[in-house]
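Here are some notes to read alongside the model, written as numbered points. Please keep the structure open and find each place as it is mentioned.

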Amino acid sequence: MEAAARARAPRPRATGCLPASTAAPQQHACRWCPREPRSSSSGGDRTRSPANLGLLLRPPAPRLRLAPSSAARIAGGGLPPIRNRGSRVECAGGRSSAEHVGVSLGIVSEMSSTVPKSANIFWHDCPVGMTDRQKLLKQKGCVVWITGLSGSGKSTLACTLGRELHTRGKLAYVLDGDNLRHGLNKDLGFAAEDRAENIRRVGEVAKLFADAGLVCIASFISPYRRDRESCRALLSDGSFIEVFLDMSLELCEARDPKGLYKLARAGKIKGFTGIDDPYEAPLNCEIEIKEVDGVCPSPSDMAEQVVTYLEEKGFLHE
C-alpha cells in the first residue's frame with residue numbers, strides 16, 4: 001500500500017534553474033529549464049518524460065581541430081574540467097553550456113570556419129558626402145599607387161611625397177606594404193593568392209581614404225597587373241594615379257636596402273619578385289619614373305614630379 005501511495009504521489013515540477021551543486025556530474029550533465037504549466041488531464045498518461053519536464057540533455061560539444069601538442073595533452077589526461085560560470089547551472093536553450101557561458105578549455109584550439117558572402121545588406125548614404133569633405137579640406141581625394149620592384153624606392157618616394165604635401169597644407173596618408181603586413185594583412189604570406197588578397201584589401205582601404213578627401217599614397221610592389229587594375233576599377237575615372245618606378249633589377253639588387261635579394265639568391269626566400277616570381281610592368285601608368293645613367297633620381301625630384309601632376313589635374317585644390 002505504501003509503495004502504491006508513493007507511486008500515486010505527484011512529483012515536484014522544475015520551476016527554475018537548479019544550483020550547480022545539485023547538478024549531475026559533468027560527464028552526465030543535465031540542465032533544468034522552466035517551462036509553461038501543462039493543462040491537467042484527468043484520464044491522460046501521467047508519465048513524465050524528460051521533454052515534458054523541461055529537461056534538456058546537453059547536446060554534443062562542438063568538434064575542435066586541435067594542435068598536435070594539445071591533442072597530446074588531452075590523450076595524457078591534461079585537459080582541465082569544464083567549470084560552470086557562477087554558482088548556478090544556466091539555461092542555454094539548445095546550446096551546450098560551453099557555448100553559452102564561454103567556458104575556456106585551457107587548450108590551444110584551431111577552429112576552422114568559412115565566412116559566407118554577405119546577404120541582405122543595403123548601402124546607407126550619409127548626408128555628408130565626398131564633395132562636402134573635399135570642400136572642407138580644399139583638395140580632392142585620390143589614390144597615388146606607387147609600384148615597382150623591391151628596392152626601387154617606393155617607400156622613400158611615398159614618405160617624401162607625404163611630407164611635401166603636408167608642407168603645402170594638404171592632407172595625405174601613406175599605406176606602406178610592410179607596415180600593413182604588421183596589422184591588417186598579417187595573416188597573409190607571399191603566395192600568389194595571398195598577394196592578390198593583400199592588394200584587394202589595400203585597394204578597398206585606399207578607396208575609403210580617397211572618399212574621405214585625402215590623397216592616399218599606396219606603396220606596394222603589387223607585381224600583378226590584374227590586381228592593380230582591379231584597384232583602379234574601384235575609383236572614379238582619373239582619381240587612381242599609377243606611379244611606376246621603372247628601375248632595373250640590377251640597380252635594385254645592387255641597392256638591396258633590406259638584404260632580401262641576397263636571401264632570395266641564396267634560396268632562403270621563395271617566390272621573391274624579380275628572382276623567382278614575375279613582375280608585370282604597367283602598360284598605361286599615369287607617371288613613369290626611370291633611372292638616369294644607372295642611378296635612381298633623388299627622392300625630392302621624384303616627389304616633385306608627382307606633385308606637379310596632382311597640381312595639373314586639380315587634386316590639390318577644390
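1. Where in the chain is the place of Asp293? Asp293 sits in the loop between strand S9 (287–290) and helix H11 (299–312). Please bear in mind, here and in every point below, that this is a predicted model. The phi angle of Asp293 is near 55°, which is a positive value in a residue other than glycine. With a relative accessibility of 77%, Asp293 counts as exposed, because the cut-off for that word is over 50%.

2. A second residue deserves a look beside this one, namely Ser222, whose phi is near 35°, again a positive value in a residue other than glycine. Ser222 belongs to the loop between strand S7 (215–219) and helix H8 (225–233). Is Ser222 buried or exposed? Its relative accessible area is 3%, so Ser222 is buried, whereas Asp293 is exposed.

3. Turning to the aromatic residues, a search of the whole structure gives five aromatic pairs. In the pair made by Tyr173 and Phe209, the ring centres are 5.0 Å apart and the planes meet at 5°, and the pair is therefore described as stacked. Planes under 30 degrees apart are what that word requires.

4. Trp145, Phe220 and Phe240 are linked into a cluster by ring pairs. Elsewhere in the list of features, Arg181 lies over the face of Phe190, at 3.9 Å from the ring centre.

5. For the protein as a whole, the secondary structure comes to eleven helices and nine strands, and 31% of the 318 residues count as buried.

Methods
Residues numbered from 1 in each chain as written. Predicted model: local features only at pLDDT ≥ 70, side-chain atom pairs only at ≥ 80, totals over all residues. Heavy atoms only, no water. Phe/Tyr/Trp six-rings, centres within 6.5 Å; stacked < 30°, edge-to-face > 60°. Lys NZ or Arg CZ within 6 Å of the ring centre and 35° of its normal. Helix = DSSP H or I, 4+ residues; strand = E, 2+ residues; numbered from the N terminus. Buried < 20%, exposed > 50% of the residue type's maximum accessible area, 1.4 Å probe, protein only.
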